[in-house]
Amino acid sequence: QVQLVESGGGLVQAGGSLRLSCATSGIIFSIDRMAWYRQAPGKQRESVASIASTGSTNYADSVKGRFTISRDRNTVYLQMKTLKPEDTAVYYCNVRHTLGGTYWGQGTQVTVSS
């Protein structure tokens, strides 16, 4: 059974930091890409950051220079610094394996107060 367990969300003041984690298990095939998405109330889910199996990373323009995605085996992290109220959203972990299948975590709430 595939599981993606996210943690690290919470309430933080603007300018603060949080570190999200997503631990995966049960994925039989090699992981091709791990990513973080977020969805704010009334908005579509958007890509925040991704890391390929090569180590190559991509970031949304809105988080460049503030967020860092990293990976340690089957766990992916999102270090978030200098948080802004507009970063408030539910953050989802996404994993894609080499045969193209994808999995989603349950989401973790990040709330940034002004």
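Modeller: A salt bridge is a side-chain nitrogen of Lys or Arg within 4 Å of a carboxyl oxygen of Asp or Glu. By this rule the count comes to five salt bridges. This is a predicted model, where local features need pLDDT of at least 70, side-chain atom pairs count only at pLDDT 80 or more, and totals for chains, interfaces and linings use all residues. Residues are numbered from 1 along each chain as its sequence is written, and side-chain values use heavy atoms, with hydrogens and water left out.

Colleague: Why are Asp 32 and Arg 96 called a salt bridge?

Modeller: Their side chains meet at 2.6 Å, N to O. The limit is 4 Å, so the pair counts. Side chains of opposite charge can pair when their charged atoms come close.

Colleague: Which strands hold Asp 32 and Arg 96?

Modeller: Asp 32 lies in strand 4 (residues 31-39) and Arg 96 in strand 9, so the pair ties together parts 64 residues apart in sequence. Strands (E, at least two residues) are DSSP runs, numbered from the N terminus.

Colleague: What makes Asp 32 partly exposed?

Modeller: Its relative accessibility is 24%. Buried means under 20% relative accessible area, exposed over 50%, and partly exposed in between (1.4 Å probe, protein chains only). So Asp 32 is partly exposed. Arg 96, with 30%, is partly exposed as well.

Colleague: Why are Asp 87 and Arg 66 called buried?

Modeller: Asp 87 has 1% relative accessibility, so it counts as buried. Arg 66 has 10%, so it counts as buried too. Salt bridges that share partners join Arg 38, Glu 46, Arg 66 and Asp 87 into one network.

Colleague: How do you know that a disulfide joins Cys 22 to Cys 93?

Modeller: A disulfide is a pair of cysteine sulfur atoms within 2.5 Å. Here the S to S distance is 2.2 Å. The pair meets the rule, and the count comes to one disulfide. Cys 22 sits in strand 3 and Cys 93 in strand 9 (residues 89-97), 71 residues apart. The link is left-handed, with -80 degrees about the S-S bond.

Colleague: Are Cys 22 and Cys 93 buried or exposed?

Modeller: Cys 22 has a relative accessible area of 0%, so it is buried. Cys 93 is also at 0%, so it counts as buried.

Colleague: Which residues does Ser 17 touch?

Modeller: Contact means heavy atoms within 4.5 Å. Not counting residues up to four places away in sequence, Ser 17 touches Val 12, Gln 79, Met 80, Lys 81, Thr 82 and Leu 83. Ser 17 lies in the loop between strand 2 (10-13) and strand 3 (18-25).

Methods
Helices (H or I, at least four residues) and strands (E, at least two) are DSSP runs, numbered from the N terminus.
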